[in-house]
Number of protein chains: 2
Amino acid sequence: MSGRDVAVVGAGMIRFGKYPDASYPDLAQPAVVDAMRSAGIEPHEIDATYCGHSFGGMLTGQRILKGLGMTGEAIVNVENACSSGAGAFHQAHAAIASGEIETALVIGVDKLTQFAGGTLPLNVEDHEVASGMVMPALYAMRAQRYLHDYGYDADDLARVSVKARANGALNPFAQFRKPVTLEEVRASRPIAEPLNLFQCCPTGDGGAAVVLMSAERVRRSDATPVWVIASVLHSGRYMTGFRDFTLPEITVRSAKDAYEQAAIDPGDLDFAEVHDAFTIAELLYYEALQLCERGEAPRLVVDGVTALGGRVPVNPSGGLLAKGHPIGATGVGQLAEAYWQLTGRCGDRQVAGARVGLTHVTGGGIAGFDHGACAITILAA
Amino acid sequence: MSGRDVAVVGAGMIRFGKYPDASYPDLAQPAVVDAMRSAGIEPHEIDATYCGHSFGGMLTGQRILKGLGMTGEAIVNVENACSSGAGAFHQAHAAIASGEIETALVIGVDKLTQFAGGTLPLNVEDHEVASGMVMPALYAMRAQRYLHDYGYDADDLARVSVKARANGALNPFAQFRKPVTLEEVRASRPIAEPLNLFQCCPTGDGGAAVVLMSAERVRRSDATPVWVIASVLHSGRYMTGFRDFTLPEITVRSAKDAYEQAAIDPGDLDFAEVHDAFTIAELLYYEALQLCERGEAPRLVVDGVTALGGRVPVNPSGGLLAKGHPIGATGVGQLAEAYWQLTGRCGDRQVAGARVGLTHVTGGGIAGFDHGACAITILAA
């Protein structure tokens, strides 16, 4: 990790869900106010704001802060699909680490109910999308390949949903707070074989915020710091044709760099919030993040290793499958969860004694062409 | 200026205009290729890319670079309305100045022909916009106030268009390449009194790119560097009610900070590219940028001070009024022009002996509420 030490010192979010009448400022402002309050700082102490979103339109960060009387300094809106919020965090971290500023506000926000049916407006200029390769189709193909290659079945996918919903039931910020049984997951509506409805994250709306400070500034503050020991952002390597698409190259590479920055091993993690947009995704990311060997991911779920109370709980918040996935808000929501876990504020879903946690989002990778974005952050109490 | 020295080492752009059949990658890729070629570098030498745009949708930078086989490293998409491209430049500059990276690619791109009528999709949650305070109306009010306060008339506005079109006629990258007479400006269709059609910038499509390098990297390169001696990005201060809205607070404050960073006086500028979205805007920015005293701006135009061949040519490229204003592309297009001016590559529109130039964009300021973004860059040969 080069540059100065940087800490998360406050976090806020609204419960993710469907708020069709809410504006972007409505979704984000409560999160900003809570993050500022928990950091114990005043608006004039924020040197710059980074706002991650994909569908808010022009000057989203400015519109959010205008209503709070907080404009004046630099506000940068960052778009990186599912990594928009975490991409904004990455920019804020770099600005403080470099000495450019002392204190930054990071906002993540998006409103998917504006797209009535919940389908994202993908770019039809992509020939993969034009030929039907939308996200559920892509992940279904990955799931088929994975189950075939390693000899698992659809229940191995379904158990990921059961775990996610069990955690979400304990999280007041989760869109879904009702546990589901394996039988209920099996019985839910088919989407793209072998994935059915309860194996796909919901669409929805949300807002989240965190406050970052330099170590120097933390010393003059009463806030409880959680240190950023790695912040990595990459785009995917362009590769023509299909290769092994059950091992996402962008996450593998980003994770390797993150562990190196943080100078830790994957075994040092006490928990992880990962991008489980679909059940198969969580399993593939266990392997890409080196939480287990290739082909072993479903065993972690069966054995409870990644459940609350297990060796390395994954998505104690409920993850995208239960907490929800309002694109730009997702990464910042993960960082808020990580801050709360590492400061012991998670109530029933608390990972006991958590000292080190990882957050991971990735998006935009269509078919064999991972040209999207991946952001990995590692935080330490 | 804190941090390491940073230089622009290459630039490219397409002629701004109407390309209804072009995709975002189509608009940006030729500019990227030209910028890379003029910098004399290969794709693998780019450490990070910052892509400014307002209306490109998800992962615009990734989609542009994917087609060039240039993904892999961080790609950050930046939205800041008219300051999107210059905001992306500001992020790239900070990343190099801080030592985070050595070489960055900055892209600015937008396609306004996608909005058929050419009207921007403004955010109707803004009560100013909902009540009809769209951009031409706002600038018309500013114009009325300025003409009244300082005793000028509509011809003082119209002369700005005549100058812009004269310069644009010399610029192969300009959307409008036909000069206009004072009489033609007067006779053009009324838009919002006292502004008529030829006093408003056109909508259109465009792409532009520049390459930045650290001083250390420049030394190992054959490129011709132009040094960034100031890079400032601010949002507007939130102010309730109307104050003197012929002196744009955000530009005044950003300019003051930029001159201080660069350690120069406004009188040291050899030229400036300013945000002349409307004729009145150029005049107000002369004063906000301290090129003259309050109330004197129209005299600079009458006396030819800001014409090509004058003491400080403003918008030698033709500016937004003639070169065009494809939102996200505009700021990067200005930086490309400044790079070419400072390396003596501007042909008929060359500012003789130019050594120091300023670029200025600002956007999003509605009515009395300047909550937008302003970016000012000062470059020196």
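**Close-up views of a predicted two-chain model**

View 1. The largest cavity holds about 50 Å³ of space, where a volume is the space filled by probe spheres set on grid points that are joined across faces, edges and corners. Its lining, made of residues with an atom within 4 Å of a point, consists of B:Phe16, B:Glu273, B:Val274, B:Asn315, B:Ser317, B:Gly319, B:Leu320, B:Lys323, B:Gly324, B:Thr330 and B:Gln334. Helix 12 (319-322) and helix 13 (330-342) of chain B are the elements that give two or more residues to this lining; helices are DSSP runs (H or I, at least four residues) numbered from the N terminus. By residue class, the lining divides into three nonpolar, six polar and two charged, with Ala, Val, Leu, Ile, Met, Phe, Trp, Tyr, Cys and Pro counted as nonpolar, Asp, Glu, Lys and Arg as charged, and the others, Gly among them, as polar.

**View 2. Helix 6 against helix 10 in chain A.** The axes of helix 6 (residues 154-168) and helix 10 (residues 279-288) of chain A come within 8 Å and cross at roughly 95 degrees, the axes being lines fitted to C-alpha atoms over the stretch in contact, with angles from 0 to 180 degrees between N-to-C directions. Helix 6 of chain A is therefore roughly perpendicular to helix 10 of chain A, a term that covers 65 to 115 degrees. In the contact (heavy atoms within 4.5 Å), A:Asp156, A:Leu157, A:Val160, A:Ser161 and A:Lys163 of helix 6 meet A:Thr279, A:Ile280, A:Glu282, A:Leu283 and A:Tyr286 of helix 10. These residues divide into five nonpolar, two polar and three charged.

View 3. The same surface serves both, since 100% of the contact residues of chain A recur in chain B.

**Notes.** Residues are numbered from 1 along each chain as its sequence is written, and chains are lettered from A and ligands numbered from 1 in the order in which they are written. Local features need pLDDT of at least 70 and side-chain atom pairs count only at pLDDT 80 or more, whereas totals for chains, interfaces and linings use all residues, and side-chain values use heavy atoms, with hydrogens and water left out.

Technical notes
On a 1 Å grid over the protein atoms alone, a cavity is a set of points where a 1.4 Å probe fits but cannot get out, and a pocket is an open set with protein on both sides within 12 Å along at least five of seven lines; lining residues have an atom within 4 Å of a point. Angles under 35 degrees count as roughly parallel, over 145 as roughly antiparallel, 65 to 115 as roughly perpendicular and the rest as oblique.
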